[in-house]
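Good morning, everyone, and thank you for coming. Please take a moment to look at the sequence and the structure on the screen, and then I will walk you through a few of the details.

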Amino acid sequence: MKVHVPPIKCQGIKTKLIGWITEFAELSPAGRWVEPFMGSGVVGFNMRPERALFADINPHIITFYNAIKSGYVTATKAKAFLEREGAFLAQKGESHYYQIRERFNTGQDPFDFLFLSRACFNGVIRFNKKGRYNVPFGHKPERFAPAYVTKITNQIRYVESAVRQYDWSFVCADFQDIIRSCTEADFLYCDPPYAGRHTDYFNAWSEKDEQLLLELLSATPAKFMLSTWHSNKYRQNLMLAQQADRFLVLTREHFYHVGASEGNRNAMIEALVLNYTPARLYETSVCYK
Ligand SMILES: C[S@@+](CC[C@H](N)C(=O)[O-])C[C@H]1O[C@@H](n2cnc3c(N)ncnc32)[C@H](O)[C@@H]1O
């Protein structure tokens, strides 16, 4: 399956699990795709639903996609912007990155957000307690070579044409409000932060949040799919174990990279929790608990 990678990256991005997720997602033609923790948006963007509500607590992600919808950010303008700022970066080095970071923290312009997301260390989005973007430079002054700019431009063009073709909304909201708005025609895909990993200003996730999410999911009339972790070498997700007899749990091994070395691969069993039995399960034999 060809996966379309979005222009803004984020920690916990599900690029490598798209095939698995889309195989079991069951969207009804009349309903909306509802994604309260959109992050990079890679899951919904690859589902290409006719109607969708994408939401996140991080306002910069939402502003970026609304800027594509309104035409403030286009592939053509992004190309010119990245060529110009990329040339300054090549000339001045990391001081230019920090200048843009300061400019973004003051003016919060979506073009600056795009630049930072693609020039920062490890492509993560992280904000400090004051809500300021604080990821350091990725140490590559020649980052914005023509092929890389073309790649990013094409990623924006993909979203640009999708928002023209489909009825997609982008809303900055807490997950509770979004889940409460769902009806039985909707398909709800939830990918909350994994507790204890990637914590930052917009990713603080406690056991209380997890509990509330499960309560809301238990009560929703919509079909839902929840991405979560099942276990790793050291721990089991106990909260998930408590849900195993109420919902269907599909599992799969996934490797997360920590740092640049191939040796630093952490195996994690990923889980999909569903409140329905997908038709696909009857057609094929899959590993489920
Ligand atoms: C694991 S990421 C989602 C990754 C996404 N599925 C992807 O593949 O790129 C979790 C997202 O939840 C958002 N988030 C954290 N707390 C939230 C809350 N209370 N309400 C809504 N979104 C929240 C974060 O800003 C982050 O973008």
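**The ligand and its surroundings**

Let me start with the ligand, which is surrounded by 21 residues, the closest being Lys14, Ser40, Asp56, Asp191 and Phe202; please keep in mind that this is a predicted model. If we sort that shell around the ligand by class, we find twelve nonpolar, five polar and four charged residues.

On its own the ligand has 610 Å² of accessible area, and the protein covers 94% of that. The space that the ligand takes up is the second largest pocket.

Now to the aromatic rings, where a search of the whole structure gives 26 aromatic pairs. Why is the pair of Phe37 and Trp205 edge-to-face? The ring centres of Phe37 and Trp205 are 5.6 Å apart and the planes stand at 85°, which is over the 60 degrees required, so the pair counts as edge-to-face. This pair links distant parts of the chain, 168 residues apart, with Phe37 in the loop between β1 and α2 and Trp205 in the loop between β4 and α9.

Methods. Residues numbered from 1 in each chain as written. Predicted model: local features only at pLDDT ≥ 70, side-chain atom pairs only at ≥ 80, totals over all residues. Heavy atoms only, no water. Near = heavy atom within 4 Å. Areas by Shrake-Rupley, 256 points an atom, 1.4 Å probe, with all protein chains shown as cover. 1 Å grid on protein atoms, 1.4 Å probe; cavity = no way out; pocket = protein on both sides within 12 Å on 5 of 7 lines; lining within 4 Å. Sits in = over half its atoms within 2 Å of the grid points. Nonpolar A, V, L, I, M, F, W, Y, C, P; charged D, E, K, R; others polar. Phe/Tyr/Trp six-rings, centres within 6.5 Å; stacked < 30°, edge-to-face > 60°. Helix = DSSP H or I, 4+ residues; strand = E, 2+ residues; numbered from the N terminus.
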